[in-house]
Amino acid sequence: VQLQASGGGSVQAGGSLRLSCAASGRISNRYYMGWFRQAPGKEREFVSAISSSGGSTRYADSVKGRFTISRDNTKNMAYLQMNSVKHEDTAVYYCAANPRTDYSRPIYEYWGQGTLVTVSS
C-alpha cells in the first residue's frame, strides 16, 4: 500500500480546506486510517482516525467540532475536511494506514508523504 496526501495550501483563518489521501493498494475494509500533523519544531501529533468501515471516528480535542474525517473504500480514498481553521492548524499533514498500536500514536505501517497547510491570520 502506498499513500499520497494532497489538498494542502494556504488558507485564511476561519476558512476551509479538504485534504485527500489516495491509496495505491486495496485498503477497503482492512485498515484503520489516521491523519497526523507536524508543525515546525514540534513532534508529529494525532489529528483524527477512522475505522476500516468508516463507522467509528476519533478526533484530537484541538480539532473536534471543526474537522471531519471520512473515507470512500470503493475509491481507496480518505479525506479530512478542515473547517474554521486557525493559525495553530498550520503544519504538514500526513495520512497513515494500519496502526501498529493505539490509533492515536504515530506508529502506523504506511505513511503518505505529507501535504503542507498554512493558515494565515
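Predicted model: local features only at pLDDT ≥ 70, side-chain atom pairs only at ≥ 80, totals over all residues.
Biologist: How many disulfides does the structure hold?

Modeller: A disulfide is a covalent bond between the sulfur atoms of two cysteines. Here C21 and C95 form such a link, with their sulfur atoms 2.2 Å apart. The count for the structure is 1.

Biologist: How many residues apart in sequence are the parts that C21 and C95 tie together?

Modeller: The C21 and C95 link is right-handed, with 70 degrees about the S-S bond. C21 sits in strand β3 (residues 17–23) and C95 in strand β9 (residues 91–99), so the pair joins parts separated in sequence by 74 residues.

Biologist: Is C95 buried or exposed?

Modeller: The cut-off for buried is under 20% relative accessible area. C21 has 0%. C95 has 1%, so C95 is buried.

Biologist: Which residues does S51 touch, leaving out those up to four places away in sequence?

Modeller: S51 is in the loop between β5 (45–50) and β6 (57–59). Its relative accessibility is 9%, so S51 counts as buried. Beyond four places in sequence, S51 touches Y31, Y32, S56 and R71.

Biologist: Is K86 buried or partly exposed?

Modeller: K86 lies in the loop between β8 (77–82) and β9. Buried requires under 20%, and exposed over 50%. K86 has 36% relative accessibility, so K86 counts as partly exposed.

Biologist: Which residues are in contact with K86, leaving aside neighbours within four places in sequence?

Modeller: K86 and G7 are 79 residues apart along the chain, and their C-alpha atoms are separated by 17 Å. Contact takes heavy atoms within 4.5 Å. Past the sequence neighbours, the contacts of K86 are R66 and V119.

Key:
Residues numbered from 1 in each chain as written. Heavy atoms only, no water. Disulfide = S-S within 2.5 Å. Helix = DSSP H or I, 4+ residues; strand = E, 2+ residues; numbered from the N terminus. Buried < 20%, exposed > 50% of the residue type's maximum accessible area, 1.4 Å probe, protein only.
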